[in-house]
Amino acid sequence: MASEKDPRRITALLAVLVAAVVVALGLAACGGGGDSGINGGDTESEEVKLEKKASGDVTISNWPLYIDKQTVPDFEKETGVSVKYIEDVNANEEFFAKMDPLLKQGESGGRSLFVVTDWMANKMHELGYLQNFDKSALPNFEKNLVSNLREPSYDPQREFSAPWQSGMTGIIVRKDLAPDVKSICDLFDPKYKGKVEMLNELRDTVPLVMKCLGIDPTNASEDDWTKAIDKIKSAAESGQIRRFTGNDYGADLTSGNAVAVIGWSGDAVQLQADNPNIEWRMPTEGCILWSDNMVIPIGAPNPTAAEAFIDYVYDPENQAQIEAYVNYVSPVNGVKDVLLKDEPEIAKNQLIFPSDSFTKNCTIQPSPDAEEEQNLNRAFNAVLNG
Amino acid sequence: MRRRVVPYFLLGPGAAWLLLFFVVPLYYLFELSLNSGVFGSYEFSWHWANYNDALSLYDTQFVRSFKYAGLATVFALLLAYPLAYTIAFKAGRWRNVLLFAVVAPFFTTYLIRTLAWETILSDQSPVVSVLDAVGLAPEGRALATGGAVVAGLTYNFLPFMVLPIYASLERIDVRLIEAGKDLYASASQTFFRVTLPLSAPGVVAGTLLTFIPASGDYVNAQFLGSASNQMIGNVIQSLYLKQSDYPAAAALSFVLMAAILILVLIYIRFAGSEALMGEEAV
């Protein structure tokens with residue numbers, strides 16, 4: 001065993017490690033050179049180049065459990081396009097972290113279409129990561145998109161984003177344990193100390209709390225955002241808020257660990273179906289309305305097939321099939337009529353087909369200005385991480 | 001000549017692995033930690049202020065992480081030593097069964113094991129009513145407290161404590177223990193002057209294998225803790241995936257690595273590096 005202490009061996013080992021570091025530095029230097037490519041801030045996007053007829057392969061990235069089992073095979077059968085459908089979008093920021101290095105090089109990692117929330121679609125567009133649609137291949141989209149989603153502030157002509165599903169952020173309660181929670185302000189009632197949960201999403205939780213403070217989240221200033229974050233902070237520190245969650249609040253509601261949470265309408269439909277004691281409450285202050293959008297990234301192979309898919313899901317018959325499974329709010333006109341025949345329960349559900357009066361106090365999801373975003377994100381996450 | 005080449009040849013695969021999956025990523029991480037700018041357009045600029053920020057903004061979570069990891073290590077040691085001792089010296093033909101029982105939880109993934117604790121400690125569970133009755137659940141709940149996080153960490157890293165201690169106990173030459181008794185030492189004297197020192201390498205290895213991963217853990221705090229129980233791993237995760245502040249996340253990771261390294265060096269100094277080196281010290 002004595003030979004193990006031979007100093008020459010240790011020198012040799014060090015030499016190998018040093019060599020390793022040198023090689024690594026060399027590799028890194030090579031990697032650093034590829035920054036050119038797409039220029040940030042260039043909002044003049046190119047339009048996709050279409051072929052006459054959709055064919056070949058197409059890869060679509062979407063959020064988990066956001067489509068029924070039949071739509072993709074039906075689309076393949078109708079068009080002859082072969083679809084690789086992957087459910088790899090779990091959070092906007094996380095998906096961006098994964099895609100950013102590729103998109104910077106003008107590549108999409110083989111994806112022809114993916115689905116992100118409004119503010120992320122806006123951000124990607126600002127970075128020059130998205131292509132404009134060729135509307136000539138999107139007759140259904142042009143005809144059937146619901147009117148209140150036709151002119152979002154970030155894409156007033158709907159040139160690069162097509163809503164996949166919309167939804168509401170509001171309150172979900174255990175009606176047996178928290179019967180009188182009706183507003184966002186009620187979530188701060190000491191009676192429910194340690195039994196309230198809020199979403200760990202800046203753009204869902206903070207605007208709702210602004211509403212409780214009487215601030216209109218649309219065009220809110222950095223000060224307004226900060227005021228709401230401070231209110232959440234004191235509630236977190238006092239123990240009023242049990243914890244901040246993603247959609248795992250469902251488990252806590254079911255077990256009774258939480259009795260009132262800030263949550264999403266589609267989840268509420270599912271949770272209500274499984275447990276009659278769970279119920280959506282439209283906050284008296286109103287809800288937050290958001291959409292997830294299909295976008296075509298730069299470098300997307302086969303954009304023709306991607307547009308064919310967009311147009312396919314904008315056919316009310318096809319959309320009804322997705323809607324019956326997903327239970328969020330459909331962006332397609334005419335779906336309700338289709339479902340009234342086959343699935344009247346779904347067609348009459350206010351959470352899936354909300355009437356104008358139901359959402360009258362609701363606000364389109366706001367997003368802070370780019371300059372304010374970093375500070376507000378930091379302040380909000382400081383609350384989440386105590 | 002050949003004798004001198006063979007060791008390098010044997011070293012090759014391991015060194016290549018380390019190079020590709022540790023040194024290279026570490027370099028990129030370091031470069032990233034010195035970037036500045038806003039989300040979407042980070043640029044390399046020797047921005048050392050990221051390190052100042054990491055230390056000044058997140059000192060609370062650092063202290064909390066080391067506190068939780070330290071407590072979990074102590075509890076794991078208190079649970080693991082008697083267990084390992086029993087398996088090594090008293091278990092007889094049950095030895096393999098007990099060893100298997102220690103390792104068995106690893107057949108389920110880490111995440112699922114942690115989520116199971118959500119159910120075990122759920123507010124309505126009998127465990128919590130018992131804890132409440134003996135005054136260990138002050139607000140009538142166990143979940144979403146620091147105690148739950150420490151319990152989760154202790155549970156998840158227990159096997160890392162048991163196995164090294166078992167391995168060092170099992171290697172002890174029983175004649176040394178018998179010699180202690182022959183020389184009129186009491187049972188406790190034999191234990192403290194013969195068995196415990198001989199098993200020190202296992203204890204040191206076990207505490208390191210528990211403390212280091214526990215300090216950087218974020219799963220337990222995320223599922224079992226509340227906002228005021230989040231650890232430094234949660235901060236890094238939220239900086240990277242929620243705030244998209246990659247430079248700050250990278251700088252914080254380096255600070256964490258450095259902090260753990262310093263703590264470990266102090267500990268090894270204190271515990272004696274001979275103990276860590278094992279047999280050579282004997």
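Start with burial in chain B: of its 282 residues, 34% count as buried. A residue is buried if 20 or more other C-beta atoms lie within 10 Å of its own, exposed if 12 or fewer, and partly exposed in between, with C-beta atoms placed from the backbone. This is a predicted model, in which local features need pLDDT of at least 70, side-chain atom pairs count only at pLDDT 80 or more, and totals for chains, interfaces and linings use all residues. Residues are numbered from 1 along each chain as its sequence is written, while chains are lettered from A and ligands numbered from 1 in the order in which they are written.

**Stop 1: chain B as a whole**

Keep chain B selected. Its C-alpha atoms fill a box of roughly 75 × 70 × 35 Å along the principal axes. Colour by secondary structure to see 14 helices and 2 strands. Helices (H or I, at least four residues) and strands (E, at least two) are DSSP runs, numbered from the N terminus. Among contacts in chain B with a separation of 6 or more, 70% are between residues 24 or more positions apart. Contact means C-beta atoms, placed from the backbone, within 7 Å.

**Stop 2: where chain B touches chain A**

Show both chains. The contact takes 35 residues from chain B and 33 residues from chain A. On the chain B side, select α1 (2-33) and α12 (232-242), the elements that give two or more residues. α1(B) gives the most, with 9 residues. By type, the chain B side holds 16 nonpolar, 13 polar and 6 charged residues. Here Ala, Val, Leu, Ile, Met, Phe, Trp, Tyr, Cys and Pro count as nonpolar, Asp, Glu, Lys and Arg as charged, and the others, Gly among them, as polar.

**Stop 3: the domains of chain A**

Select domain 1 (57-160 + 296-314) of chain A, then domain 2 (168-287 + 363-384). These bounds come from an automatic or database domain assignment. Taken over C-alpha atoms, the two centres are separated by 29 Å.

**Stop 4: strand β7 of chain A**

Select residues 260-264 of chain A. Because 5 of the 5 residues of β7(A) are buried, this strand is largely enclosed by the rest of the structure. In a regular strand the side chains alternate between the two faces of the sheet. A:Ala260, A:Ile262 and A:Trp264 lie on one side of β7(A), A:Val261 and A:Gly263 on the other, and all are buried.

Strand β4 (residues 162-174) of chain A runs antiparallel to β7(A), joined by 5 bridges. Find A:Val173, whose bridge partner is A:Ala260. Strand β5 (residues 196-199) of chain A runs parallel to β7(A), with 2 bridges. There, A:Glu197 stands opposite A:Val261. Two strands pair if DSSP finds at least two bridges between them.

Definitions and conventions: Contact = placed C-beta atoms within 7 Å.
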